[in-house]
Amino acid sequence: MTHPTPAPRAPLPLWAAAAALAAALALCVGLGGFRPGGEAVSAQPDGPPASSLPAQSEPLPEPQPVVETVDFSATGDNLIHAKIYQQAAARAVGGAAYSFDSCYEKMVPFYRGFDVNWINQETLCTDELAPSTYPCFSTPGDCARALYRAGFRVFSLANNHTYDKGAEGIAATLRFWASMPEDVVTTGLWRSEEDPIPLQTVNGITIAYLSYTEHTNGIPRSSGMEAGVITTSQTDLIERQVKRAAALADFVVVGAHWGVEDSHTVTDGQRALAQKLADWGADVIVGTHPHVLQNAEWLTAADGRQAFVAYSLGNFLSTQSKPDQLVGAVLTLRLQKTTDPGGTVRLEILSPRLHPTVTHYGPGKTEVRAYLYRDYTPALADAHGVRAEYGSFSHDFIRAAAQTYIDAAFLDLT
């Protein structure tokens, strides 16, 4: 069967086509259809679509100051008598000549908490000269290497025993310190006034180190000595050095080996020199030599800066025989540098504290080692070898000594 061919549809009039298109568009908008370009949108009953509003820019954060800090410690006299190096020789294993590590091992966790650890190395250290004890000291280099392993990097070498071995001792100790790792800083031995100032940069902060001694036990510097100390009486030279250091560094730390041995009293001379050092540019002044504790204080420098001085940290390690000589302290503080967005720099010394230490040894001055007081027990104090002659030595004696000679504002017994 054949089907008739349908007749072609007549085209819509133009007006009818336009009307149909308008109706379709109205329906799409009402139902939430498509914007030109094909993007799906929702119907917006009130106002234009949110995406058509002007973008709101986030405000830029305000520039903040840059704060850099160095946590710093300073330790007193490392005075190595014969009993100490003899015991180190007896402990040596594996081909080493001496093992001093046990002398300092109780302090290692404490020193690990600081960016910089400074110490007064009271005796010459060498790998060349035979060890010797009072009155003219020479100490095996293994002692300094043990201190390095304990965390010390800055060694003050200016003291009354620096010239104990004459020109030979100076040459040997210079060679020894030159052999130490590159991050070791020494100060106090000067070939000439024009020597570079020892500098150390840590955490963005630059520190200059200087050290001076009141005397050298009557031993003069000989013409054969490659280097020598600067004495505290050479104030014109010290002033030039401190001012030069202050121009190079953010902070200047000065070691001062001064005062009267076995005296807790700060002399007028110590106070006068401390004030001059602060006026010239010193920020931290670390006192050593009396072998016993002396007080500490803030100083106001001529330019208004606040400087801090600890007049004597006492002994760190020795086999001296009086109770007061067995109590020392570690000075700790924070050096802070704040750089404002405009470039202004503020330098501050924060939270100075003195932490008592104890040199412990057994009967016959055996097993010599250093402790923080906070880690030292009454049982250890009762077993101290010094009690053979001084029965009054005790845990309470140590606390009382620290409280008597150190201002409560700076003393930390915990």
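Which residues does Lys337 touch, not counting residues up to four places away in sequence? In this predicted model, Lys337 touches Val66, Val67, Glu68, Gly204, Ile205, Asp250, Val345, Arg346 and Leu347, once residues up to four places away in sequence are not counted.

**Lys337**
- Lys337 has its place in strand 14, which covers residues 327-339.
- Because buried means under 20% relative accessible area, Lys337, at 15% relative accessibility, counts as buried.

**Nonpolar cores**
- The largest nonpolar core holds 85 residues, and of these Phe100, Tyr104 and Leu331 touch the most other members.
- Apart from that core lies another, made of 28 residues, among them Leu210, Tyr212, Val242 and Leu273.
- Tyr104 touches Asn78, Ile80, Cys143, Ala146, Leu147, Ala150, Phe316 and Leu317, again not counting residues up to four places away in sequence.
- In soluble globular proteins, nonpolar side chains tend to be buried together.

**Helix 6**
- The buried residues in helix 6 include Gly169, Ile170, Ala171, Ala172, Thr173, Leu174, Phe176 and Trp177.
- Among the elements that cover these buried residues are strand 2 (116-121), strand 3 (125-126), helix 5 (141-150), strand 5 (154-156) and strand 6 (185-187).

**Helix 10**
- In helix 10, which covers residues 395-405, the buried residues are His395, Ile398, Ala401 and Ala402.
- Seen down the axis of helix 10, these buried residues fall within an arc of 130°, so they line one face of the helix.
- Asp396 and Thr404 are exposed on the other side of helix 10.
- The cover over the buried residues of helix 10 includes strand 11 (293-300), strand 14, strand 15 (345-360) and helix 9 (378-382).

**Gln294**
- Gln294 lies in strand 11, and it counts as buried because its relative accessibility is 1%.
- Although Gln294 and Tyr311 are 17 residues apart along the chain, their C-alpha atoms are separated by 5.5 Å.
- Leaving aside neighbours within four places in sequence, Gln294 is in contact with Val260, Ser263, His264, Thr265, Val266, Gln270, Tyr311, Ser312, Tyr405 and Ile406.
- With one of these residues, Thr265, there is a contact to the backbone, whose oxygen the side chain of Gln294 reaches at 3.3 Å.

Key. Residues numbered from 1 in each chain as written. Predicted model: local features only at pLDDT ≥ 70, side-chain atom pairs only at ≥ 80, totals over all residues. Heavy atoms only, no water. Helix = DSSP H or I, 4+ residues; strand = E, 2+ residues; numbered from the N terminus. Buried < 20%, exposed > 50% of the residue type's maximum accessible area, 1.4 Å probe, protein only. Contact = heavy atoms within 4.5 Å. Core = buried A, V, L, I, M, F, W, Y, C linked by side-chain atoms within 4.5 Å. Arc of directions from axis to C-beta. Polar contact = N/O pair within 3.5 Å; in protein donor to acceptor, adjacent residues only side chain to side chain.
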